[in-house]
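Please keep the sequence and the coordinates at hand while reading.

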Amino acid sequence: MPFRNTLLTLSGAVLLAGCQASRPPLETVDHVDLARFMGDWYVIANIPTFVEKGAHNAVESYRLDADGTIATTFTFRQDAFDGPQKQYHPRGFVRNAETNAEWGMQFIWPFRGDYRIIFLNDDYSITIIGRNQRDYVWLMARSPEISDEDYNKAVQFIVDAGYDRSALQRVPQQW
């Protein structure tokens with residue numbers, strides 16, 4: 001009986017992986033002006049990675065370096081507004097120079113995670129970053145708050161892109 005349960009579990013995992021693989025790639029925006037995109041972005045909501053769980057006042061900062069890579073600083077307070085400050089320094093690599101909207105984000109060498117700019121409004125004040133796997137997503141803005149209307153539109157965009165609404169979490173921001 002244990003072998004059968006294992007076989008069923010493996011079959012289910014393969015089936016789920018097949019469904020996941022059949023999803024079309026996330027469409028990115030047509031073009032990102034990297035110079036305009038650089039700077040601070042407040043994380044408004046996300047489906048968090050294990051590192052981001054409990055993050056408060058989360059800010060992602062980008063700087064375009066001379067070699068074309070993007071120096072990134074991710075800063076937040078752990079579990080409370082007065083919690084310990086955490087800071088990470090992944091590096092971004094533009095994978096599609098035609099659009100500048102597909103990046104590899106490297107936290108640990110040599111691995112580069114999928115990072116796609118799937119929404120960016122005209123004035124570069126709100127963006128949504130996604131991954132083909134639809135496992136993580138980030139709604140970010142140039143200010144720590146956005147209107148309820150903008151938030152609801154962004155959430156609908158995220159859901160329409162294939163993400164689970166129930167996994168999306170608002171990131172507490174208090175400045």
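Two strands pair if DSSP finds at least two bridges between them. Strands themselves are DSSP runs of E with at least two residues, and helices are runs of H or I with at least four residues, numbered from the N terminus. This is a predicted model, in which local features need pLDDT of at least 70, side-chain atom pairs count only at pLDDT 80 or more, and totals for chains, interfaces and linings use all residues. Residues are numbered from 1 along each chain as its sequence is written, and side-chain values use heavy atoms, with hydrogens and water left out.

Confidence comes before detail. The predictor's confidence in each residue is given as pLDDT, from 0 to 100. The protein chain averages a pLDDT of 88, and 85% of the residues score at least 70. Over residues 1-20, however, pLDDT stays under 50, and the model has 3 contacts beyond four places in sequence for this segment; a contact means heavy atoms within 4.5 Å. Where pLDDT is low, the predicted coordinates should not be read in detail.

The strand pairings can be followed from strand 2 (residues 55-64). Strand 2 and strand 3 run antiparallel and are joined by 8 bridges, with E60 having F74 of strand 3 as its bridge partner. The hairpin of these two strands has 5 residues between the strands, and G68 takes a positive phi near 90 degrees there. Strand 1 is also joined to strand 2, by 4 bridges and in antiparallel fashion; here D40 has S61 of strand 2 as its bridge partner. Strand 2 is mostly covered, since 8 of its 10 residues are buried, where buried means under 20% relative accessible area, exposed over 50% and partly exposed in between (1.4 Å probe, protein chains only).

In the hairpin of strand 8 and strand 9, which has 6 residues between the strands, R134 takes a positive phi near 55 degrees.

Why is strand 9 (residues 137-141) largely enclosed by the rest of the structure? The reason is that 5 of its 5 residues are buried. In a regular strand the side chains alternate between the two faces of the sheet. In strand 9, V137, L139 and A141 point one way while W138 and M140 point the other way, and all are buried.

The aromatic residues form a further theme. Rings of Phe, Tyr and Trp (its six-membered ring) pair if their centres lie within 6.5 Å; planes under 30 degrees apart count as stacked, over 60 as edge-to-face and the rest as tilted. A search of the whole structure finds 11 aromatic pairs. The rings of Y62 and W103 have centres 5.4 Å apart and planes at 85 degrees, so this pair is edge-to-face. This pair links distant parts of the chain, with Y62 in strand 2 and W103 in strand 6 (residues 102-108), 41 residues apart. Both Y62 and W103 are buried. The rings of W103 and Y115 have centres 5.2 Å apart and planes at 20 degrees, so this pair is stacked. Here strand 6 and strand 7 are linked, through W103 and Y115, which are 12 residues apart. W103 has 0% relative accessibility and counts as buried, and Y115 counts as buried at 5%. One aromatic cluster is formed by F37, W41, Y62, W103, Y115, Y136 and W138.

D114 lies in strand 7 (residues 111-120) and is buried, with a relative accessible area of 13%. Not counting residues up to four places away in sequence, D114 touches R95, W103, G130, R131, N132 and Q133. Its side chain makes a polar contact with the side chain of R116 at 2.9 Å. A polar contact is a pair of N or O atoms within 3.5 Å; within protein, one must be able to donate a hydrogen and the other to accept it, and residues adjacent in sequence count only if both atoms are side-chain atoms.
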